[in-house]
Amino acid sequence: MSVCADYRRALLSDPGGLKEELRIHGRECADCAAFAERAARFEARLASAMQLPAAAAGAGAGAGAGAGADAGAGAAGAAGVAAEVVPLRRSAAHGGVPPSTIRSRWFAVAATFAVAAATAGLLWIAVPRASLAGDVVSHMAGEPAAWRVTDAAVTPAELREVMLNTHMRLGSGVGVVSYASSCEFRGHRVPHLVVQDESGPVTVMVLVHESVKTPVDFDEQSYRGVILPVPGHGSIAVLTRNQAVDPAALGRIAARFESAVEWTS
Amino acid sequence: MRDPLAGNQKHARFQALCQSLRPDLLRFAIWLSRDRAVAEDVVQETLLRAWKAQDTLEDEKAAKPWFLTIIRREYARTFERKRLATVNLDDLVASEEPALAASDAEDLAELRRAIFELPEDYREPLVLQVLMGCTTAEIAAQLNLSTAAVLTRLFRARRQLRLLCGEDTNLDPDE
């Protein structure tokens, strides 16, 4: 019984970091497996709740920054810097702005223009657009629940719902899909899957709207991954938090996934 | 002689890094301060300080804890500068109306309210773990706590949330 308590306590404190013996217990104890399933559902809700969409709006500043960055031109890049540090919106509840804030804003504007003036002439050659890999990595931070090590697969119904309207079907060669979510990514709904590989959980995002010409390896913010081109169907991003996995192994996982996909259009 | 091109590329990379982290930093600040306007100010100051100190970030892989350290310090400074007003949760939830207008908002609004109600000692490690993807060790380092203390706070946070949200807690373990 104490193992059950340990297992459940671990699920409620660090669901992504279960020790091997506890994971084994979770597979063998029916009551704990049921508890884990409910806990996982709660965890998914918790992760969603944390993703305040208002933060994106709050990035009202950020929207400008993104636009500037996307333009890729020097002036726009500088505008991106400006937008990055100047808040554009305040809540109605804060009618009065503290003097310290006003002072810091002026400093922000001054610093911004100083930086912009110094770099605008050269920025056109540096591409400030957030990279596809960077956006994939950023997306990961919002869904830590996806990184659970588990043998429990999502139900066929859940997987079917996520794959709806994606014009693709997953064959049996994919392996255990332990997480499936239809996520918004760069303005499109994309399947975000986690496959349990022998090296640990591996995230796969099918990016039919994002094309790359050649495989793109990346290693950012503790995530290591590769984005593979899929001719005619955009690209597939595969990434892991296991730093021991080399790019070649990730490429093999991506290729295995791609070969298990059946495109329906 | 300093290579202006290399410096420029470095600035561009840092800018891209700021852009990629900014949404989550803002979310973190909102969860921490429970005040959107304060959060926006804190993030702004954080990015400014980070921009000025970017040379001290030697490894981009360490960017997340680096930014978290700055934003937590900046939040503490804000707290020192002015005594933050008591937050009325009803007003707070109402002010987050755009956030709650999403399709799944009804389900999540209750949970968000419950998160806001958590004591800061429990709320912060939970946000660091769930939103920022920090490991227990990283949270312990940020909060200057032992990993055991962090795990205890995370457990209490989830248990309290589950109670507040009407989850079945009969099978939850004791602490």
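Reader: Which residues have the most contacts inside the largest nonpolar core?

Author: Good place to start! In soluble globular proteins, nonpolar side chains tend to be buried together. In this predicted model, the largest nonpolar core has 56 residues, and those with the most contacts inside it are Leu25(B), Phe28(B), Ala29(B), Val43(B), Phe67(B), Ile71(B) and Val127(B).

Reader: Which helices each supply at least two residues of this core?

Author: From chain A, helix H1 (2-13) and helix H3 (30-50) do so, together with H1, H2, H3, H6, H7 and H9 of chain B. H1(B) gives the most to this core, with 12 residues.

Reader: Could we zoom in on one residue? What does Ile71(B) touch?

Author: Leaving aside residues up to four places away in sequence, Ile71(B) touches Leu25(B), Phe28(B), Ala29(B), Val42(B), Val43(B) and Thr46(B). There is also a second, separate core of 33 residues, which includes Met140(A), Val206(A), Ala237(A) and Leu239(A).

Reader: Now the helices themselves. How do I read the way H1(A) and H9(B) cross?

Author: Two packed helices are described by the angle between their axes and the distance between the axes. Here the axes of H1(A) and H9(B) come within 7 Å and cross at roughly 85°. An angle of 65 to 115 degrees counts as roughly perpendicular, so H1(A) is roughly perpendicular to H9(B).

Reader: Which residues make that contact?

Author: On H1(A), look for Arg9(A), Leu12(A) and Ser13(A); on H9(B), find Leu151(B), Leu154(B), Phe155(B), Arg158(B) and Arg159(B). Sorted by class, the contact has 4 nonpolar, 1 polar and 3 charged residues.

Reader: And within chain A, at what angle do H1(A) and H2(A) cross?

Author: Their axes cross at roughly 110° and come within 10 Å. That makes H1(A) roughly perpendicular to H2(A). Val3(A), Asp6(A), Tyr7(A) and Ala10(A) in H1(A) meet Leu22(A), His25(A) and Gly26(A) in H2(A). By class, this contact of H1(A) with H2(A) has 4 nonpolar, 2 polar and 1 charged residues.

Reader: How many residues of H7(B) are buried?

Author: H7(B) is mostly covered, with 9 of its 11 residues buried. Among them are Arg123(B), Glu124(B) and Gln129(B), as well as Leu126(B) and Val127(B). You have already met Val127(B) among the residues with the most contacts inside the largest core.

Reader: To finish, what does the secondary structure of chain A come to?

Author: Chain A has 10 helices and 8 strands. Buried residues make up 42% of its 265 residues. For contacts in chain A between residues at least 6 apart in sequence, 57% join residues at least 24 apart.

Methods: Residues are numbered from 1 along each chain as its sequence is written. Chains are lettered from A and ligands numbered from 1 in the order in which they are written. This is a predicted model: local features need pLDDT of at least 70, side-chain atom pairs count only at pLDDT 80 or more; totals for chains, interfaces and linings use all residues. A nonpolar core is a set of buried Ala, Val, Leu, Ile, Met, Phe, Trp, Tyr and Cys residues joined through C-beta atoms within 7 Å. A residue is buried if 20 or more other C-beta atoms lie within 10 Å of its own, exposed if 12 or fewer, and partly exposed in between; C-beta atoms are placed from the backbone. Helices (H or I, at least four residues) and strands (E, at least two) are DSSP runs, numbered from the N terminus. Two residues are in contact if their C-beta atoms, placed from the backbone, lie within 7 Å. Axes are lines fitted to C-alpha atoms, for helices over the stretch in contact, and angles run from 0 to 180 degrees between N-to-C directions. Angles under 35 degrees count as roughly parallel, over 145 as roughly antiparallel, 65 to 115 as roughly perpendicular and the rest as oblique. Ala, Val, Leu, Ile, Met, Phe, Trp, Tyr, Cys and Pro count as nonpolar, Asp, Glu, Lys and Arg as charged, and the others, Gly among them, as polar.
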